[in-house]
Amino acid sequence: MNYSTLSIFADQKNLTHAILKRYDGTSKPPYDSLNVSFGVSDNAATVLANRGKIKETFHLENLISAGQIHSNRILIVDSKPKTDLEEGGYDALITNIPQVALMIQQADCQAVMLFDPIRKVIANIHSGWKGTSLNIIAKTIQTMTVEFASAPADILAGISPSLGPCCAEFINYKTELPTHLHKYQQTPNYFDFWAISQDQLIAAGVTRKNIEIAKICTMCNHDYFSYRRKKTTGRFGSIIALR
Ligand SMILES: [Zn+2]
């Protein structure tokens, strides 16, 4: 299976993670081929088969995803699920249960993957521009500290391939983005959401050396689905799981 990884997690023996490219699935165009989303009018049985192949490849017992509504709502998975779940109404997932993979579905939005190797807790955050505006990153880290006693300085963070500053054009940024984010405008109407996420992580207590940005733009790199490149398309998955 074709996927990329982040070196920040490379030495972590208790962790599995992968950013899945669009290949090796069975979805037909325009969802070809490893589409993980039930929400894009692809054939549901095909999506299920794609997800099954991911579980098999990475030896996962459960694959948990969220409905992803561009909110800042967080689902804590605190017991072993009986079945794979797609819980509607959430944009971040946290668990300390081994073999339960947390998956974010993407086509330009970021998956921000977190691992606390001390408390053995993981999180996976869906952060597009709306989640970024709501600072779902800070809320997720705060939830890890409250619910799992994580210290932010212990947390390792990886930002997946996503829309880069080369392509993140927001013509209506004055009405869409809060004013404190306007300073991330690089060239007229283009914003660096990778830098915003890094700064949100640092402000939440994560140390700079513990943050990695993949720096792969999904609109430029055709290995990944991109909503901006093609409106009707699939979603690729970023997964993280404790072994
Ligand atoms: Zn680009």
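Predicted model: local features only at pLDDT ≥ 70, side-chain atom pairs only at ≥ 80, totals over all residues.
A residue counts as buried when its relative accessible area is under 20%, as exposed when that area is over 50%, and as partly exposed in between.

The SG atoms of Cys-166, Cys-167, Cys-217 and Cys-220 coordinate the zinc ion, at 2.3 Å. The angles among the 4 donor atoms run from 104 to 115 degrees, and the site is tetrahedral. Along the sequence, the donor residues follow the spacing C-C-x49-C-x2-C. Cys-166 and Cys-217 thus bring together distant parts of the chain: Cys-166 belongs to the loop between E10 and helix H4 (173-176), Cys-217 to the loop between E13 and E14, and 51 residues separate the two.

As a reminder, strands of a sheet pair through backbone hydrogen bonds, and they can do so in a parallel or an antiparallel way. Strand E10 (residues 156-159) runs antiparallel to E8, and 4 bridges join the two. In this pairing, Val-112 has Ile-159 of E10 standing opposite. E10 also pairs with strand E13 (residues 211-213), here in the parallel sense and over 3 bridges. Ile-159 turns up again in that pairing, with Ile-213 of E13 as its bridge partner. As for the side chains of E10, Leu-156 and Gly-158 point one way, Ala-157 and Ile-159 point the other way, and all are buried.

Strand E8 (residues 110-116) is mostly covered, with 7 of its 7 residues buried. Gln-110, Val-112, Leu-114 and Asp-116 point one way from E8, while Ala-111, Met-113 and Phe-115 point the other way. E8 has another antiparallel partner in strand E9 (residues 121-127), and 7 bridges link E8 to E9.

A separate set of strands makes up an open sheet. This sheet has 6 strands in the order E1-E2-E14-E7-E3-E5, and the pairing is mixed. At the edges sit strand E1 (3-4) and strand E5 (86-87), each of which pairs on one side only. Inside the sheet, strand E2 (residues 15-20) and strand E14 (residues 236-242) run antiparallel, joined by 5 bridges. Ala-18 finds its bridge partner in Ile-239 of E14.

The whole structure holds 7 aromatic pairs. In one of them, the ring centres of Trp-129 and Phe-170 are 6.0 Å apart and the planes sit at 75 degrees, so this pair is edge-to-face. Trp-129 lies in helix H2 (residues 129-134) and Phe-170 in the loop between E10 and H4, so the pair ties together parts that are 41 residues apart in sequence. Trp-129 has 28% relative accessibility and therefore counts as partly exposed. Phe-170, at 5%, counts as buried.

Phe-170 also pairs with Phe-191, again edge-to-face, at 6.3 Å centre to centre and with 90 degrees between the planes. Because Phe-191 lies in strand E12 (residues 190-191) and Phe-170 in the loop between E10 and H4, this pair connects parts that are 21 residues apart in sequence. Phe-170 and Phe-191 are both buried. Put together, Trp-129, Phe-170, Tyr-173, Phe-191 and Phe-193 form one aromatic cluster.

Technical notes:
Residues numbered from 1 in each chain as written. Heavy atoms only, no water. Pairing = 2+ DSSP bridges. Buried < 20%, exposed > 50% of the residue type's maximum accessible area, 1.4 Å probe, protein only. Donors = N, O, S within 2.8 Å, 3.2 Å for Na, K, Ca; no water. Tetrahedral: all angles 85-135°; square planar, octahedral: opposite > 155°, others 65-115°. Phe/Tyr/Trp six-rings, centres within 6.5 Å; stacked < 30°, edge-to-face > 60°.
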